[in-house]
Amino acid sequence: MKQCSWDSSSSITLIAGPCSAESYEQVYATAQGLQNLNIDLFRAGLWKPRTQPGCFEGVGSVGLHWLQQVQKDFGYKVATEVCLPEHAQLALEAGVDVLWLGARTVSNPYAVQGIAEVLRSVNVPVLVKNPISPDLSLWVGAIERLQKAGLSDIGAVFRGFSTYPTERPLYRNVPYWSIVFELKRIFPHIPIICDPSHITGQRNAVAAMCQKAIDLGFDMLMVECHVEPEKALSDAKQQVTPKELGIIMQALSPRNVSFSEDEQLNHYRILLSEIDEHLLSILAHRMTISKEIGNYKQLAQIPILQAEQFASILQERSAWGENMGLQREFVEHIMSIVHEESVRVQSEENNKQSFHINDK
Ligand code: PEP
Ligand code: MN
């Protein structure tokens, strides 16, 4: 694996290919489509650990022959995901150049250890995706298990984290950049690759996330690419065509130097924006509950404004805030504004309901 420096802005290492290998034709056509893009590694998942049963779980070892054909005809290095020790064994035997451990596997230390045992004494490059949950120690632990098995060519892939869905409407997986900065601090020499496809979960957000990754200092990208994305058997919403990927790569600007001048200040700003985004998404979630309360009050014929209820909320929340080291007045001020907006949302809902009733 090409080693990269976290701060370099010269060239971008690009890993691209379908989420899943589905058929020989689909793999071959995608590889062909990527020919002009100068990719560094062709990816395709053969074994797909899916969150829910009944989804496409990959073609399995038959796809190893397809990857061999891609190596032969296009000269690409190829990569696939290994979830169990036997996958690692089969991939090594087939001459797969790079293996990766997916988010679900990294969340399972037994599986990671089993794979590390198979790879002991074979210094194959391995990419380690972050685990599903925002748990830095699981990510670090998986890398350490591989290192202890003697593997030295390791990369980390940042694909964001799952979270309570209503709280984060922006992306499929929340990119807590603070966690990736911390991983970089712990392993300064491990290259970190950004996976904008899994972070965003939407193909039209991939370009902006690629640019953000570059601005933040990543110089490696892993992008899911499919000849007919809307027909993909997994992750259909987030894959782009080879042609679209070409356009995305062309439009990327090198890292904005002035933006990176003060690295520490830059990191603080990113942390603040991460927190603000979280605050806003929680507020948005709170307002959806206000809407439901508005409906409920309408049906139960309960008045929207209940002064004693608000007084007790204010009392309780201010005490919580004080315990957290916040100024009482500050908390009262925030809670009053939030309450005011909640009343507005409830009344709006109430009006809609009355409108519908009168309409009938
Ligand atoms: C993938 O890369 O297709 C994949 C399954 O990713 P993750 O493990 O990040 O969900
Ligand atoms: Mn995928």
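1. A polar contact is a pair of N or O atoms within 3.5 Å; within protein, one must be able to donate a hydrogen and the other to accept it, and residues adjacent in sequence count only if both atoms are side-chain atoms. The model is predicted: local features need pLDDT of at least 70, side-chain atom pairs count only at pLDDT 80 or more, and totals for chains, interfaces and linings use all residues. Side-chain values rest on heavy atoms, with hydrogens and water left out.

2. Oxygen atoms of ligand 1 lie 2.7 Å from a polar side-chain atom of Arg 43 and 2.9 Å from one of Lys 48. For Arg 159, the distance from a side-chain N or O atom to an oxygen atom of ligand 1 is 2.6 Å. On its own, ligand 1 has 290 Å² of accessible area, of which the protein covers 96% (Shrake-Rupley method, 1.4 Å probe).

3. The residues around ligand 1 (a heavy atom within 4 Å) include Cys 19, Glu 81, Trp 100, Lys 129, His 198 and Glu 224. By class, the shell has 7 charged, 3 nonpolar and 2 polar residues.

Notes
Residues are numbered from 1 along each chain as its sequence is written. Chains are lettered from A and ligands numbered from 1 in the order in which they are written. Ala, Val, Leu, Ile, Met, Phe, Trp, Tyr, Cys and Pro count as nonpolar, Asp, Glu, Lys and Arg as charged, and the others, Gly among them, as polar.
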